[in-house]
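Have the sequence and the model open side by side.

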Amino acid sequence: MAECESYERNLFSMMNKYRLMSPGPTPVPPEVSAAGALPIIHHRTPEFGEVFTRVNENLQQVFQTEADIFTMSASGTGAFEAALQNLFSPGDKILVINNGNFGNRWVKMGQAFGLEVIELKYDWGVKADNDEVAQAVADNPDLKAACCVLSETSTGTVNDIKGFAEATKSIITIVDAVSGLGACELRTDEWGVDVVVAGSQKALMTPPGLGFVSVNDRAMAAHEESTMPRYYFDFTAAKKAYAKNPPQTPWTPAVSVIIQLDIAVQQILSEGLENVFERHVLLGRAAREGVKAMGLSLFGPDEDMNTAVTAAYVPEGIDGKAFVGGLFREHGIQVAGGQGPQEGKIFRIGHCGYFDAYDIIATIAAAELALESQGFDLELGKGVGAAQRVFSKSGAVA
């Protein structure tokens with residue numbers, strides 16, 4: 001309780017506007033927040049069935065798939081678990097691309113469920129090499145599936161999923177798109193991706209609490225052969241509930257969060273998916289240019305593919321944790337620090353979801369001030385100007 005009160009004092013007593021610039025959870029549009037305050041309705045009524053039907057149909061547009069999308073009251077990690085429980089039997093062999101914290105989570109979870117995990121490991125921040133992926137598939141003819149993270153939130157690196165799907169087309173392809181869906185290009189059916197896992201709290205602009213798994217016919221056939229124990233996350237139970245009139249979830253869902261998601265996904269589709277992708281390209285490009293102009297080094301590739309998160313090294317001699325904490329306490333900007341081996345070494349600016357040009361500009365300005373206060377030699381305004389020029393050249397800021 002004391003920690004909560006301290007957080008509230010820091011948040012609401014400061015003179016600065018609070019800006020949530022983490023890779024997740026991300027800011028929620030006001031209309032989405034307001035929907036969460038509506039009176040709750042029963043989840044077995046036609047009224048909720050109407051909302052749930054619309055959400056499912058609209059999610060298919062965002063996922064760019066005609067496959068079933070199972071919505072679960074869980075985090076993205078719950079959706080990971082659902083995929084493993086429903087597609088495999090103990091002892092099955094899977095390939096996992098591990099180039100960050102979440103790729104590593106797939107390794108650990110697969111092992112926890114008794115799968116034989118073949119790990120294709122890269123340094124954090126390095127993209128998967130799809131030629132090596134194809135070779136790993138060829139070298140292991142008994143593989144059942146391959147897993148890859150679209151946007152590795154821990155590093156800001158985005159893997160080439162189109163190439164990954166091509167390299168693994170002979171087996172089931174699973175893509176973790178928790179931070180990538182709605183921010184990074186992902187053409188599920190066109191590219192031949194069998195399963196996509198996602199969550200509500202990142203580019204879908206909704207509070208945490210929902211996980212999603214899209215499952216095509218090939219993956220459902222694997223599900224029917226799977227012997228892994230499951231109950232709450234059972235795809236068969238979900239599909240049966242979806243077939244009811246009105247459609248339902250098998251168990252009590254997070255009703256209010258689904259109602260919020262309904263508003264958020266409508267906003268995404270109203271903006272237009274291609275426009276959403278282009279906005280995220282500009283946000284990422286501006287963040288990277290601002291970071292570089294401050295004299296900092298990017299962590300990971302300097303590519304327009306990296307549309308969800310920008311990661312950068314903290315300068316030598318600067319305490320990374322103190323820098324992230326100071327951005328929040330002194331400037332109201334909440335970025336994220338590094339995870340695992342990069343803890344204290346990098347910081348991460350999230351820009352997947354409800355973000356615009358001025359969120360990036362404000363974050364770069366605050367980062368300049370925070371670094372200067374810690375003794376880093378830089379020219380104030382240089383990073384801001386670089387970010388501004390990205391938007392100016394694009395016409396996004398008149």
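Helices H13 (residues 320-331) and H14 (residues 357-373) have axes that come within 10 Å and cross at roughly 115°. This is a predicted model, where local features need pLDDT of at least 70 and side-chain atom pairs count only at pLDDT 80 or more, while totals for chains, interfaces and linings use all residues. Numbering starts from 1 along each chain as its sequence is written, and side-chain values use heavy atoms, with hydrogens and water left out.

**H13 against H14**
- With 65 to 115 degrees counting as roughly perpendicular, H13 and H14 are therefore roughly perpendicular to each other.
- On the H13 side, the contact (heavy atoms within 4.5 Å) is made by Phe 323, Leu 327 and His 331, and on the H14 side by Ala 366, Ala 367, Leu 369, Ala 370 and Leu 371.

**His 280**
- His 280 sits in helix H12 (residues 273-293).
- It counts as buried (under 20% relative accessible area, 1.4 Å probe, protein chains only) because its relative accessibility is 0%.
- A polar atom of the His 280 side chain lies 2.9 Å from the backbone nitrogen of Gly 353.
- Apart from neighbours within four places in sequence, His 280 touches Gly 182, Ala 183, Thr 307, His 351, Cys 352 and Gly 353.

**Helix H5**
- H5 (residues 101-112) has twelve residues.
- Its buried residues are Asn 101, Phe 102, Gly 103, Trp 106, Val 107, Met 109 and Gly 110.
- After H5 comes Gly 114, with a positive phi near 80°.

Conventions
Helix = DSSP H or I, 4+ residues; strand = E, 2+ residues; numbered from the N terminus. Expected span 1.5 Å × (residues − 1). Buried < 20%, exposed > 50% of the residue type's maximum accessible area, 1.4 Å probe, protein only. Polar contact = N/O pair within 3.5 Å; in protein donor to acceptor, adjacent residues only side chain to side chain. Axes fitted to C-alpha atoms, helices over the stretch in contact; angles between N-to-C directions. Parallel < 35°, antiparallel > 145°, perpendicular 65-115°, else oblique.
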